[in-house]
Amino acid sequence: SGELYCSLPNPRNVRFESINMKNVLHWSSPEGTGNGVLYRVKYSVYGVGKWIRKPECRNINRTWCDLSSETSDYEEQYYASVKAFLNGMCSEWVETTRFNPLTDTKIDPPMVSVSSTDRSISIILAVPEKWKRSPEEESISLLQVYPGLQYNVSVLNKKTKKRWFFSISNNTLVVPWLEPGTAYCVSAQIHVTTPLLDSGFSKEHCIATLKDK
Amino acid sequence: GACRVSMSTAEIRAGFTAIKANIQSRDPVRSLSILSHPHPLNRVKSSDRCCITHHLLTFYVDKVFKHCTTEDSFLNRKISSIANSFLSARRKLGQCREQNNCECGEESTEKFKQILTNYEGLNVTSAAMKSLGELDILLDWMEKSR
């Protein structure tokens, strides 16, 4: 192909967005360019340094590229880079900061299931799984990735609006001495002390204690 | 081994997270890592962990922190706070090593030699800044091997 002039403005805000180690490269289009901009993506393992092109993200017009598969070893760190092309012109390669999947991912809230008796509520929490290439691949719980993981649990008495907070390490909690025939709402959060990672709180799961016998 | 590293990695990590992007942006060399290539720390046998941890704490105290002074006082404060944590952890671990005669197996000696070779592959300031930028690699390994 003819000589390309790299005078196109650069892609902006090139960064990884990661949830449960699903690691997606995102960027914004170069300033002042409308439609028609195409992009190429490459990535490298820190300490190895060889840049590797991502064929599925060659000459794409979208502004994201899923690099989860290429960055799935969370004991490595990575860089990724994007270049823009338009009307025979190109931009420079623009790199991310160093990406560490272990510390730079976000964790989804835990899954919450509740059951009740007349005077207690039982809560079971489940940690999200690490991203995986396909449903057939073996699942890895984020509990295996962050062994020191804990849970913060909030329990709200809908009648009195009184709220309790619990911090627990294992994934089950029984809240005793409650009022019969009363609605309680439960919400939970994952808390990893180091590296410091907190999920958001889950949506509320409400349940009523059984009426007095 | 018998020795435990008494060091608040959470506190060090918080300090490092505050300066990580700045420090790592001062390290343009992508193709060399001090700690993780060619042999990752995670391959160190558990029996050797006490020895290599002491080596690494000493490495950071003697060869890294003192060469990482920057023009930015915020960075310098964070770096010296991390350095102080390393100093006290090394002192305690050193005492424990003497009492428990922590073994330094061939593998960990080899691994530490590789780290020094990687370090000497760059000029002192670049090597120190790169090592500082890899603090999360060290902390990840220390926390995992607890």
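Colleague: How many salt bridges does the rule find across the interface of chain A and chain B?

Modeller: The rule finds 3 across that interface. Keep in mind that this is a predicted model, with an ipTM of 0.88 and a pTM of 0.91.

Colleague: What makes B:Asp27 and A:Arg98 a salt bridge?

Modeller: Their side chains come to 3.0 Å, N to O. The cut-off is within 4 Å, between a side-chain nitrogen of Lys or Arg and a carboxyl oxygen of Asp or Glu, so the pair of B:Asp27 and A:Arg98 qualifies.

Colleague: And how do you know that A:Asp104 and B:Lys20 join two chains?

Modeller: Look at where they sit: A:Asp104 is in helix α1 of chain A, while B:Lys20 is in helix α1 (residues 9-25) of chain B. Their side chains meet at 3.2 Å, N to O, and a salt bridge needs 4 Å or less.

Colleague: Why is B:Lys20 called buried, and what is A:Asp104 called?

Modeller: B:Lys20 has a relative accessible area of 11%. Buried means under 20%, so B:Lys20 is in. A:Asp104, at 28%, is partly exposed, because that class runs between 20% and 50%.

Colleague: How much area is buried between chain A and chain B?

Modeller: About 1,700 Å², with carbon and sulfur atoms giving 43% of it. In chain A, A:Tyr46, A:Arg98 and A:Thr194 lose the most area to chain B, together 35% of what that side buries. As for contacts, 19 residues of chain A touch 21 residues of chain B.

Colleague: What makes the B:Asp62 and B:Arg90 pair a link between distant parts of the chain?

Modeller: B:Asp62 is in helix α2 (residues 49-64) of chain B and B:Arg90 in helix α3 of chain B, 28 residues apart. Their closest N and O atoms are 3.6 Å apart, and the rule asks for within 4 Å, so the pair counts as a salt bridge. Both residues are partly exposed: B:Asp62 at 35% and B:Arg90 at 23%.

Colleague: Which residues do salt bridges that share partners join into one network?

Modeller: That would be A:Lys54, A:Glu56 and A:Glu70.

Key. Residues numbered from 1 in each chain as written. Chains lettered and ligands numbered in written order. Predicted model: local features only at pLDDT ≥ 70, side-chain atom pairs only at ≥ 80, totals over all residues. Heavy atoms only, no water. Contact = heavy atoms within 4.5 Å. Buried area = accessible area lost by both parts, 1.4 Å probe. Helix = DSSP H or I, 4+ residues; strand = E, 2+ residues; numbered from the N terminus. Buried < 20%, exposed > 50% of the residue type's maximum accessible area, 1.4 Å probe, protein only.
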